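Here's a quick tour for anyone meeting this structure for the very first time. Have a look at the sequence and the model, then read on.

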Amino acid sequence: MGQNPQDSLTVKDNRTGKVYTIPIADNSIQATAFKGIKAPFKPDERKENETDKGLRIADKGYLNTAVMRSEITYIDGEVGILRYRGYPIEQLALHSNHLETAYLLLYGALPTKNQFAVFEKEVLHHGVVHSDAEQFFRSFRYDAHPMAILTSAFAYLGSYYAEANPSLQGQTLFTKGSPESLANMDKQIFRLIGKATTLAAMAYRIRQGRDFVTPPTGLSYTGSFLYQMDHLGQENYVPNPILERALDVLFLLHADHELNASSTTVLQTGSSLVDPYSAIAPENVPAFLEAVKRREKVLSGFGHRIYKTSDPRSFIVRKTADEVFKVTGKDELLETAMALHEAAMKDEYFTSRKLAPNVDFCGLIYRAMGFPLDFFPVLFAVPRVVGWLAHWRQMMLQEGGVKIWRPRQIYVGETKRDFVPVDQRVAVEGRKKTPSAIVHSGITKRTMLANFKGKTQAKL
């Protein structure tokens, strides 16, 4: 079927008078088409503009750049829509669970009972880590940030599985689409999802000075996670079912969010065909709101880069919060946050600017469940492993192969200039133009003031 001539963009380059026709497909155009729009240099024009090599597309922050075709997650931020593989997030949160939704994100369809049983069994089976992992975790300071530990642990896993490393097995290891390639890919997916909760729990317990817990049998994905974090030897220990379900819902809500910063980072790294382990390394409320309006204070948890109305996940989070608070109780900070939420939703300043609550509100639930503040990023990262892997899998299997992601830039710096000897230079000073002064203290300060053999003065 031929291209409809109406499905195109006609561009006239006023510099040269030439007219170009660029095809439109799925309401998008190929940015590389603009490379063919070339012009001669103007007098005194910077050669760094590369005018004779075609137009470049300037899109700071990827505000309107699509880097791939995807079938995974659809977001319409203007009206507050979030769908996984076509299913509204509200329906999934009500009727599904995190692992079933993980299957959906990865493979494109909700699993049958038998399919889910196999998937869940494999994920939970791969929750156990090598005994050497204990030594790895113990190498961190007791007060190391748990997210730093978790990201290091993901990379550490790659050292165990040579069959998952394209640099050892060939660059097409995960892109061939053969049964053997797919089986290898899926095994790494099982490992990463299964071990994500185990590694997170180990990062948690190292902070507590506790021994690590082997993943139990017979519990759900989030039930096993809570068990590994909290079990202290009690017989027949079972996590609270309301907290277990709440955590599962929150994991489901955070499983994917299209090409956000973390997913894009994974795909950027994955485009170089590395292994997947390397790829995924109380105040007065009215007075406070008035201070926010005057830009004197910042109110976190409101507004979103994508959603211009309420984040559809926020309503699910609020319902889940109410269920959790019934069993955990509320504290003063939680009451204040609730009051801020209610007041802001009725305030014209916030509603006119479409500053609705976002999903960060779930931090209140994590606080009520007893998780420390610095563990919150881990609780966001663990479920997002599913989304990272879904996008990575899709990219590995896309038609036409994988092209390494290499954004262009628009160079606006100095044009060519010659080196100046140090004694002929004029000092360039000012904010952001010189290093900031560092204030030293303790041993460093006293050593700098001391005299000793071999002490040198700083010089260029």
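His126 is buried, at a relative accessible area of 11% (buried means under 20%, exposed over 50%, and partly exposed in between, using a 1.4 Å probe and protein chains only). You'll find His126 in the loop that links helix H3 (113–125) to helix H4 (132–138). Helices here are DSSP runs of H or I with at least four residues, strands are E runs of at least two, and both are numbered from the N terminus. Setting aside residues up to four places away in sequence, His126 touches Lys187, Phe190, Arg191, Gly194 and Lys195, where contact means heavy atoms within 4.5 Å.

A word on the background: this is a predicted model, so local features need pLDDT of at least 70 and side-chain atom pairs count only at pLDDT 80 or more, while totals for chains, interfaces and linings use all residues. Residues are numbered from 1 along each chain as its sequence is written, and side-chain values use heavy atoms, with hydrogens and water left out.

Gly194 turns up again in the lining of the largest cavity, together with Val123, Leu124, Gly127, Thr197, Thr198, Pro215, Tyr221, Ser224 and Gln228. A cavity is a set of points on a 1 Å grid over the protein atoms alone where a 1.4 Å probe fits but cannot get out, and lining residues have an atom within 4 Å of a point. This one holds about 60 Å³ of space, a volume being the space filled by probe spheres set on the points, which are joined across faces, edges and corners. H3, helix H7 (179–208) and helix H8 (221–230) each bring at least two residues to that lining. By class, the lining has 4 nonpolar, 6 polar and no charged residues (Ala, Val, Leu, Ile, Met, Phe, Trp, Tyr, Cys and Pro count as nonpolar, Asp, Glu, Lys and Arg as charged, and the others, Gly among them, as polar).

Which residues touch the most other members of the largest nonpolar core? They're Phe137 and Ile193, out of 93 residues. Such a core is a set of buried Ala, Val, Leu, Ile, Met, Phe, Trp, Tyr and Cys residues joined through side-chain atoms within 4.5 Å. Beyond its close sequence neighbours (up to four places away), Ile193 touches Leu99, Leu106, Phe119, Val123, Tyr221, Val385, Val386 and Leu389.

Now for helix H10 (residues 261–270), where Ser263, Thr264, Val266, Leu267 and Gly270 are buried. They sit on the same side of H10 because they cover an arc of only 160° around the axis, taken from the directions from the helix axis to the C-beta atoms. These buried residues pack against helix H11 (276–279) and H17. His391 lies in H17 (residues 376–396), and its contacts include Ser263 and Leu267, leaving out residues up to four places away in sequence. Ser262, also found in H10, contacts Arg384 and Trp388, again leaving aside neighbours within four places.

| Residue | Relative accessibility | Class |
|---|---|---|
| His391 | 1% | buried |
| Arg85 | 18% | buried |
| Glu50 | 24% | partly exposed |
| Ser262 | 25% | partly exposed |

Glu50 has a positive phi, near 50°, though it isn't a glycine, and its place is in the loop between strand E2 (19–23) and strand E3 (73–76). Arg85, not a glycine either, has a positive phi of about 50°.

How values were computed:
On a 1 Å grid over the protein atoms alone, a cavity is a set of points where a 1.4 Å probe fits but cannot get out, and a pocket is an open set with protein on both sides within 12 Å along at least five of seven lines; lining residues have an atom within 4 Å of a point.
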